[in-house]
Amino acid sequence: MDLNRIQLVTDAFPCFSLVPEAAWRHPDITVERFSPQLTMQQGHLFAHAAFVLSGKVRIYIISESGREVTLYRVQRGGVCVLMMASILGETGYEASAQLEEETELLLLPVDVFKDWMDRYKDLRQFIYRNMINRMVSVTSLVEDIAFKPINARIAELLLRRTTDSHNHLSITHEAIAIELGTAREVISRSLKEFEKTGWLQLGRGRITAIRRDILQEKLFPSDW
């Protein structure tokens with residue numbers, strides 16, 4: 001790998017800053033670009049550890065009934081901690097992954113990744129810190145699914161995906177259901193209730209005229 005490419009990697013991942021230039025010359029260390037919709041299925045055994053340099057990857061699980069639940073997304077400067085746990089534990093992947101846009105990845109062979117984990121404290125701390133942060137976020141997701149009313153969760157999603165100056169969203173009811181881990185029918189019913197009360201307008205694959213001020217006021221579960 002040339003110096004310019006190494007610099008691009010360390011800009012995104014400062015945890016690699018102490019890796020010497022000579023170590024990057026391993027013939028199987030590569031940076032590759034992948035097309036959207038590429039997927040990695042549950043149970044996969046990894047030959048490389050992947051670090052996202054650009055793009056977006058959705059990490060999700062599929063229940064026995066076939067329902068998808070989005071766990072988190074990984075973007076520039078991030079890693080899938082379930083992938084890292086799979087590599088370090090030498091077990092199959094416990095989730096599935098899908099590229100949502102063209103994505104560039106740094107690929108480290110598993111043996112190189114494990115060796116660098118032992119050698120470089122910054123990399124080791126980066127991986128473990130990400131594992132802790134993701135554990136907290138996934139625990140919060142499970143609590144939301146179990147205890148928070150679906151109307152409140154829909155409101156949160158709409159607020160996350162819009163702004164006061166951009167109060168519309170191109171998204172299907174099915175996509176929202178996948179994101180929140182529920183049935184499409186549940187999402188459609190709730191959104192129609194929102195529309196009846198004047199909080200938004202529904203179209204084909206679009207939600208417009210979203211009243212962010214009202215949704216913000218309604219976020220507390222007791223309000224639903």
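Visitor: Which residues are buried in α7?

Guide: Good place to start! Keep in mind that this is a predicted model. In helix α7, the buried residues are I187, S188, S190, L191 and F194. Here is a general idea that helps: an α-helix has 3.6 residues a turn, so residues three or four places apart point the same way.

Visitor: What do the buried residues of α7 pack against?

Guide: Their neighbours include three helices: α5 (150–161), α6 (173–180) and α8 (212–217). The strands β9 (201–203) and β10 (206–208) are packing partners too.

Visitor: How many residues does α7 have, and how far does the helix reach?

Guide: Helix α7 covers residues 184–196, which makes 13 residues. From first C-alpha to last, α7 reaches 18 Å, close to the 18 Å expected at 1.5 Å a residue. Just after this helix, look for G198, whose phi is positive at about 85 degrees.

Visitor: Which residues other than glycine have a positive phi?

Guide: Two examples to look up are E90 and A209. E90 has a phi near 55 degrees and sits in the loop between α2 and β6 (96–99). For A209, phi is near 50 degrees, and its place is the loop between β10 and α8.

Visitor: Is E90 buried or exposed?

Guide: Compare the relative accessible area with the cut-offs: under 20% is buried, over 50% is exposed, and anything in between is partly exposed. E90 has 63%, so this residue is exposed. A209, at 33%, counts as partly exposed.

Visitor: And S86, why does that residue count as buried?

Guide: S86 counts as buried because its relative accessibility is 4%. You will find S86 in helix α2 (residues 81–89). Leaving aside residues up to four places away in sequence, S86 touches H44, F46, T91, G92 and Y93.

Visitor: How many bridges join β1 to β7?

Guide: There are 5 bridges between β1 and the antiparallel strand β7 (residues 103–109).

Note on methods: Residues are numbered from 1 along each chain as its sequence is written. This is a predicted model: local features need pLDDT of at least 70, side-chain atom pairs count only at pLDDT 80 or more; totals for chains, interfaces and linings use all residues. Side-chain values use heavy atoms; hydrogens and water are left out. Two strands pair if DSSP finds at least two bridges between them. Helices (H or I, at least four residues) and strands (E, at least two) are DSSP runs, numbered from the N terminus. The expected span of a helix is 1.5 Å times one less than its number of residues. Buried means under 20% relative accessible area, exposed over 50%, partly exposed in between (1.4 Å probe, protein chains only). Contact means heavy atoms within 4.5 Å.
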